[in-house]
Amino acid sequence: AECEQQIPVLIEELITVEIWKQKIFPIVCRLEDFKPKSTFPIYLVLRHEASVINLLETVFYHKEICESAEDTILDLIDYTHRKLTLLVAQTASGKIPGKEDSNSELKKQAAEMEFEIALKALSVFRFITGLIESLPVNAVTRMLNTHNFPCLLVQLVEHCPWIYRKEGKLKKFEDGAWYEVPYEDHVKITKLDGQVWIALYNILLSSECQRKYNFNNFNKSQLLKVQDCKGSRLHLCVSHHD
């Protein structure tokens, strides 16, 4: 019970550090007299967001924990949307997420952490989708219509930020590190691919989605992009709204 009471506090902590990183950290880095003897205190602040999202990922598997977030679940849905949108945007622009071309070691560390945080946010969001039937009505509306998560998840399927090719070699990110993929494993699905697919299925095959999601021509065209990628049930779900 005590753990459940702390969930809203953790979500607020998460967003507070995120705002600090976005608004204050860049200014600090630009200061001419910013030459600290040690960057460790700032690193700890940056690391705090990663620690909190990691903790939420660990506990959100439990339904009662997710439900204990109450109104802050909206903030968490917004947070995961920001992280995943940024991830898609970076990949679509040709940038390798987590790689920062900078002389500043602190900026490089921040970029690496931001990438790992986004992947943890994906995992947390997947757990939220597993409880979609018991979420507050406004949370489902936020997920489906405000943020259009189904289309965002399709973009993640398309761009796969955790995979990139360089000099003819395929690399994938898993368990906190990039590794070179043997040729015979090129088409093997990763855990992160699985998170996206599970979230898509959870959302689109839920009765809440069938009632509330706007299956307009644009959304259907986006969703049907994945029909050839293990998405036969998804295809049936979308086609049902023709």
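N148 sits in the loop between α7 (137-146) and α8. Helices here are DSSP runs of H or I with at least four residues, strands are runs of E with at least two, and numbering starts at the N terminus. The model is predicted: local features need pLDDT of at least 70, side-chain atom pairs count only at pLDDT 80 or more, and totals for chains, interfaces and linings use all residues. Residues are numbered from 1 along each chain as its sequence is written, and side-chain values use heavy atoms, with hydrogens and water left out.

The phi of N148 is near 50°, a positive value in a residue other than glycine. Most residues other than glycine have a negative phi. N148 is buried, with a relative accessible area of 18%. Buried means under 20% relative accessible area, exposed means over 50%, and partly exposed falls in between (1.4 Å probe, protein chains only).

E70 also has a phi near 50°, again positive in a residue other than glycine. E70 lies in the loop between α4 (63-67) and α5. At 55% relative accessibility, E70 counts as exposed.

## A negative surface patch

E70 belongs to a patch of negative charge on the surface, together with E12, E13, D71 and D75. Patch members have over 30% relative accessible area and no salt bridge; like charges are joined within 9 Å, and nonpolar side chains (Val, Leu, Ile, Met, Phe, Trp, Tyr) within 5 Å. Accessible areas come from the Shrake-Rupley method with a 1.4 Å probe, and for residues only the protein chains shown count as cover. Asp and Glu count as negative, Lys and Arg as positive; His and the chain ends are not counted. Each charge is placed at CG of Asp, CD of Glu, NZ of Lys or CZ of Arg.

D75 is in helix α5 (residues 72-92). D75 is partly exposed, at a relative accessible area of 33%.

The structure holds 13 salt bridges. Each is a side-chain nitrogen of Lys or Arg within 4 Å of a carboxyl oxygen of Asp or Glu. One of them joins K21 and E114, with the closest N and O atoms 2.6 Å apart. K21 lies in helix α1 (residues 2-23) and E114 in helix α6 (residues 105-129), so the pair ties together parts that are 93 residues apart in sequence. Both K21 and E114 are buried.

E49 pairs with K83 in another salt bridge, the closest N and O atoms being 3.0 Å apart. E49 is in helix α3 (residues 40-59) and K83 in helix α5, so this pair ties together parts that are 34 residues apart in sequence. E49 is buried, at 0% relative accessibility. K83 is buried too, at 4%. A network of salt bridges links K21, E49, K83 and E114.

## A salt bridge between partly exposed residues

K225 and E158 meet through their side chains in a salt bridge (3.6 Å, N to O). K225 lies in the loop between α11 and α12 (232-239), and E158 in helix α8 (residues 149-159), so the pair ties together parts that are 67 residues apart in sequence. K225 is partly exposed, at 42% relative accessibility. E158 is partly exposed as well, at 44%.

T80 is found in helix α5. T80 is buried, with a relative accessible area of 0%. Its side chain reaches the backbone oxygen of I77 at 2.8 Å. A polar contact is a pair of N or O atoms within 3.5 Å; within protein, one must be able to donate a hydrogen and the other to accept it, and residues adjacent in sequence count only if both atoms are side-chain atoms.

## Separations across the chain

K220 is in helix α11 (residues 217-223). K220 counts as buried, at 11% relative accessibility. The C-alpha atoms of K220 and P8 are separated by 35 Å, and the two residues are 212 residues apart along the chain.

L204 is in helix α9 (residues 191-204). L204 is buried, with a relative accessible area of 0%. From L204 to I73 the C-alpha distance is 20 Å, across 131 residues of sequence. I24 lies in the loop between α1 and α2 (25-30). I24 is partly exposed, at 39%. I24 and Y61 are 37 residues apart in sequence and 33 Å apart in space, C-alpha to C-alpha.
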